[in-house]
Amino acid sequence: MNKNNLILYSGILIFGLAAPFLFPAFKVQLSILCVLIVLATTWNIQGGEMGYNSFGNILFYGLGMYLCASVQVGMFFPLAEWTESGGEKTFVHTPAQFFQGMAVGLVVAAIVPTIIAGLIGYSILGLRGHYFAICTLGLGVAAGEISGGIEIIGAGQGFTTPPFPDVGSLEARGEFFYFLSFFTLILTFIAVRSIYSTRFKLILNAIRDNEDKAEAMGIETMKYKIIGWMISAFFCGLAGGIMGGLVGYIDSTDVAFDGREMGVFMVLMAILGGKGTLWGPIIGATIFHIFKEGFWTFFLGWQYVALGVLIVVIVIYFPEGIMGWLREKYPERFGEVVDEKDRKAQVEL
Amino acid sequence: MDFMVFQYPMITVQACLDGILLGILFALIAYGMALQWGVMNIINIAQGDLVILGGYIAYFMYLYGIHPAWGVIVAPVIMYFLGVLIYKLVINKVVDRDLFISILATFGISILFMQLMNFAFGADVVLANSDYGTTMLFNNNVVLPNSKLFSAFISILFAICLVIYMKKSKLGRAIRATAQNARAAKILGVDTEKVYAATFGINAALCGVAGALISITFTIHPYMGLPYTIRSFMIVIVAGLGNLPGVAMSGMGLGVFEEFADYILGTEFRIGSVFLLLVLILVYRRFKLSRKREYLK
């Protein structure tokens, strides 16, 4: 790590720690931004680096959301009664119970989707290209439809997550969720950055560029594909658990397995920023979130129309994303050596 | 869980008949998808939304006092021009690109259409009543609405017309040539751009017919598009591109499967079971091919 990087990272860290006190009105928005960055960054592991464009990471996100909330309730109170009668009115978590439940819930929310990704990975990741994309799209929607029919987690009427306990300060809820999501973001960033500096990333790139050749070179591609997907699932589950607590209400198709919104958002954010780069998804998620909140406020009711147009425009005109565009414009900054003669020849052509 | 199906044979007959009549409609939509997939190598996620839009055209005619069956003629005409318009605006920029790009772009179109229909027609479940009455079979044990028979008949009619058109007409020959080899067709003087636009238009028109029939026989709702896309995708990957009898058979099979899933698992799991079936079919084919060290292409 050189000196410039150190200054950049510590600047971001200090800004992140100070942000909820600098902009107290935007705490929830900033927490959602952190979650979005986590989702985009982890989608990029298998979508951008490995070339397996998944619409199904929403599956792990929704699973994490339901698991975290169910564990948090189920540890102390009967789950069936809670969902049946809007239990938050009859049962109240004490602060100790709430935080204990949240901690255990988040661990479960991260571990279980990882295991599931490992189990289904062998069958699903054998599919390639668009078959993989459509299959994962089907998985996500199927999960939403099926969880909408299960009584114990609220079926169609939704599941209210435990309300934040009374700890004396009104600001506590926002700050708690902000720091939770911010530390998850830091954890994700460190994990992804260290992954990207190992041989593992090169193997993922080899799979993206030509899977058959990678296999012929003696790489056990299936093993690495599954590991890549499991890493995505781990952080998606964690992000889902946090988001469930933050939103406070889980609906099967509108909040948890929301393939139409969150499932496309993560793909879009990564593409907008630039697939297959470390910073691309982060920049993409930030810009997308600001853009989206602007739309959601000024075009109330028309937001999905705007979203549809946005998707088409980004995909058609920006398939390389912001990082790809920068790379083309300033190749020297990315460590690419450009021959002056070559460039001149291109301009003349 | 409800195993009435196996105790009362008449329910089985009812489910099979309903499923087959529904499946013919699915096959018509799937044929459109196979056409555009084969010719321009595009997977259109907005397929289902085009179907629903066709349904709303028929529904509107019904609201204004015209018999909705005329929608079968009006909807495809409107949808053809809409399809060509979509092609000119969006699709022609993604035709020769990565398939994933086309999936994402049509996903955007799908969201756009879904929401515009929601604004224009409201979020209610609607149907266009055709007043065709019902037919009773087997001692009044099996109820068969005549509208379903009508829709199956019209679907088959359109499918036959289209097959003849593809075989005999000049445009049909150009479309088939482009599907085989776009570059060679271009060299031999086929205007592929025009062929692509026509293909997308024909696909949209087929969706319009199917949608009008669905609005007569079943119900339509702005958000019901995606399941139709998934169904037609599933039918195409089971039957293969350019295999018309296969498309018809697997469409009917899917219809029967759905009716039984509806009876046995309950209506709330119907759509979920369709999506799960897609995953299972893909995984099954993947394992079958991996024995020969191949993969789905």
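**A chat about the two chains**

Author: Let's start at one residue of this predicted model. Phe218(B) counts as partly exposed, because it has 16 C-beta neighbours inside 10 Å.
Reader: Where does Phe218(B) lie in chain B?
Author: Phe218(B) sits in the loop between helix 9 (192-217) and helix 10 of chain B.
Reader: And what separation is there between the C-alpha atoms of Phe218(B) and Phe113(B)?
Author: Their C-alpha atoms are separated by 20 Å. Along the chain, the two are 105 residues apart.
Reader: OK, zooming out. How many helices and strands does chain B have?
Author: Chain B has 12 helices and two strands.
Reader: What pattern do they follow along the sequence?
Author: The pattern is α-α-α-α-α-β-β-α-α-α-α-α-α-α.
Reader: What is the radius of gyration of chain B, and what would a compact globule have?
Author: Chain B has 19 Å. A compact globule of 297 residues would have a radius of gyration near 19 Å, so the two agree.
Reader: What does the C-alpha trace of chain B span?
Author: About 65 × 55 × 40 Å along its principal axes.
Reader: How many of the residues in chain B are buried?
Author: Buried residues make up 50% of the 297.
Reader: And what share of its contacts comes from residues 24 or more positions apart?
Author: 76%, counting contacts in chain B with a separation of 6 or more.
Reader: Now chain A. How many helices and strands there?
Author: Chain A has 16 helices and two strands. Its radius of gyration is 21 Å, close to the 20 Å that the globule rule gives for 349 residues, so chain A is as compact as a globular protein of that length.
Reader: What box do the C-alpha atoms of chain A fill?
Author: Roughly 75 × 45 × 40 Å, taken along the principal axes.
Reader: What percentage of chain A counts as buried?
Author: 46% of its 349 residues. As for contacts in chain A between residues at least 6 apart in sequence, 81% join residues at least 24 apart.
Reader: Which residues make the contact?
Author: Helix 3 of chain B uses Asp49(B), Ile52(B), Leu53(B) and Tyr56(B). From helix 5 of chain B come Ser110(B), Phe113(B), Met114(B), Met117(B) and Phe121(B). By class, this contact of helix 3 with helix 5 of chain B has seven nonpolar, one polar and one charged residues.
Reader: What about helix 10 of chain B, how does it cross helix 11 of chain B?
Author: The axes of helix 10 (residues 225-239) and helix 11 (residues 244-265) of chain B come within 9 Å and cross at roughly 130 degrees. That makes helix 10 of chain B oblique to helix 11 of chain B. Their crossing is right-handed.
Reader: Which residues meet there?
Author: Among them, Arg231(B) and Met234(B) in helix 10 of chain B, and Gly246(B) and Leu254(B) in helix 11 of chain B. The residues of this contact of helix 10 with helix 11 of chain B divide into six nonpolar, three polar and one charged.
Reader: Last one, in chain A. How do helix 2 and helix 7 of chain A cross?
Author: Helix 2 (residues 27-49) and helix 7 (residues 172-196) of chain A cross at roughly 20 degrees, with axes that come within 9 Å. That makes helix 2 of chain A roughly parallel to helix 7 of chain A. This crossing is left-handed.

Notes
Residues are numbered from 1 along each chain as its sequence is written. Chains are lettered from A and ligands numbered from 1 in the order in which they are written. This is a predicted model: local features need pLDDT of at least 70, side-chain atom pairs count only at pLDDT 80 or more; totals for chains, interfaces and linings use all residues. Helices (H or I, at least four residues) and strands (E, at least two) are DSSP runs, numbered from the N terminus. The radius of gyration is taken over C-alpha atoms; the globule rule is 2.2 Å times the number of residues to the power 0.38. A residue is buried if 20 or more other C-beta atoms lie within 10 Å of its own, exposed if 12 or fewer, and partly exposed in between; C-beta atoms are placed from the backbone. Two residues are in contact if their C-beta atoms, placed from the backbone, lie within 7 Å. Axes are lines fitted to C-alpha atoms, for helices over the stretch in contact, and angles run from 0 to 180 degrees between N-to-C directions. Angles under 35 degrees count as roughly parallel, over 145 as roughly antiparallel, 65 to 115 as roughly perpendicular and the rest as oblique. A crossing is left-handed if the near helix is turned anticlockwise from the far one by less than a right angle, and right-handed if clockwise. Ala, Val, Leu, Ile, Met, Phe, Trp, Tyr, Cys and Pro count as nonpolar, Asp, Glu, Lys and Arg as charged, and the others, Gly among them, as polar.
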